[in-house]
Amino acid sequence: MKFKAMNPKLRKRKIQTWFRAGVQLLFFILFPSMFTAAFNGVKYIFTQIGSGNRIELTAFVAVLLMLCVYTMIFGRFFCGFACAFGSFGDAVHAIYVSCCRKLKKKPVSIPVNVAKKLTYIKYVILAIILILCYLGAYSSLKGTSPWDVFSMLRAGNLGLASYIIGAVVLALIIIGMCVQERFFCRFMCPMGAVFSILPIAATFTLHRDRAGCIKGCGACEKICPCDIGLPDDSSGRISGDCFQCQKCNGICPKSNIHTGIKQLRGNELWFTGIRAAILIAICVWLGV
């Protein structure tokens, strides 16, 4: 009864939120290794370059290429809906915030100005990994990778004796996920660093009809997990840090946010479903 009596806009937002959670859960269960497979492709390419060997179209490289092409067309939909580590982070943050509300405590959070500076860490992590791969020394990092530990735990493998450092790093990341939405994605994800520098088509990226905004509103910027200021319709700027989480679409009181196609807001259930279906088809085709 409460749901039926809810404000239509709020009810629609709730449906979109639960739909996204359902899509995330689906990918988490069926395709948890996409992130690892794609980044293995990155490491393989730089290892081959460093050793002077030929780069072949391996299964990992195929996953990497397809995800990059998909991201260049649809933006970082994979990060917002299909990455198991990102979805895990969303769940951890939601549980933390919910617990704080029940305890009537204000959630601890990282100041926006500090968070914006920390976003550069992922590029440093990516650079270090690529340099080590190029030098053939990446194997020396075995046991330190938090996403390797996460993948093992996700698969039910508790043999972490040689992954103590990675387990400790993962525990610290989980703490970070509590206090900052998309903590790993924003600050530490090397695959996210790759996606953020890709050229992304403007067709399905989000823009804002600034002329129709309520003065002093800023709701879309306040709810954004990346603190991104959406580009105006007249701007050609596109942010590679947008996770396509669609929260800005749902919160805008004037419905001013849309994709490069003005008639398409980007958070329509059918459009989200199509993008998810295409990604599922890619995963099945590649055998991820």
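Student: Which residues does leucine 279 touch, leaving out those up to four places away in sequence?
Tutor: In this predicted model, Leu279 touches Phe27, Met34, Leu67, Tyr70, Phe77, Phe78 and Ala82.

Student: And which residues have the most contacts inside the largest nonpolar core?
Tutor: Those are Phe78, Phe184, Met191 and Leu279, within a core of 73 residues.

Student: Which helix gives the most to this core?
Tutor: Helix 3, spanning residues 34-51, gives the most, contributing eight residues.

Student: What does the second, separate core include?
Tutor: That core has six residues, including Cys220, Leu230, Cys248 and Ile257.

Student: Let us turn to the fold. How many helices and strands are there in the protein?
Tutor: The protein has 15 helices and two strands. Of its contacts with a separation of 6 or more, 72% are between residues 24 or more positions apart.

Student: Why does the radius of gyration agree with a compact globule?
Tutor: A compact globule of 288 residues would have a radius of gyration near 19 Å, and the protein has 20 Å, so the two agree. Along the principal axes, the C-alpha atoms fill a box of roughly 60 × 45 × 35 Å.

Student: What percentage of the residues is buried?
Tutor: Buried residues account for 46% of the 288. As for the accessible surface, the total is about 15,000 Å², and carbon and sulfur atoms make up 68% of that.

Definitions and conventions
Residues numbered from 1 in each chain as written. Predicted model: local features only at pLDDT ≥ 70, side-chain atom pairs only at ≥ 80, totals over all residues. Heavy atoms only, no water. Core = buried A, V, L, I, M, F, W, Y, C linked by side-chain atoms within 4.5 Å. Buried < 20%, exposed > 50% of the residue type's maximum accessible area, 1.4 Å probe, protein only. Helix = DSSP H or I, 4+ residues; strand = E, 2+ residues; numbered from the N terminus. Contact = heavy atoms within 4.5 Å. Rg over C-alpha atoms; globule rule 2.2 N^0.38 Å. Areas by Shrake-Rupley, 256 points an atom, 1.4 Å probe, with all protein chains shown as cover.
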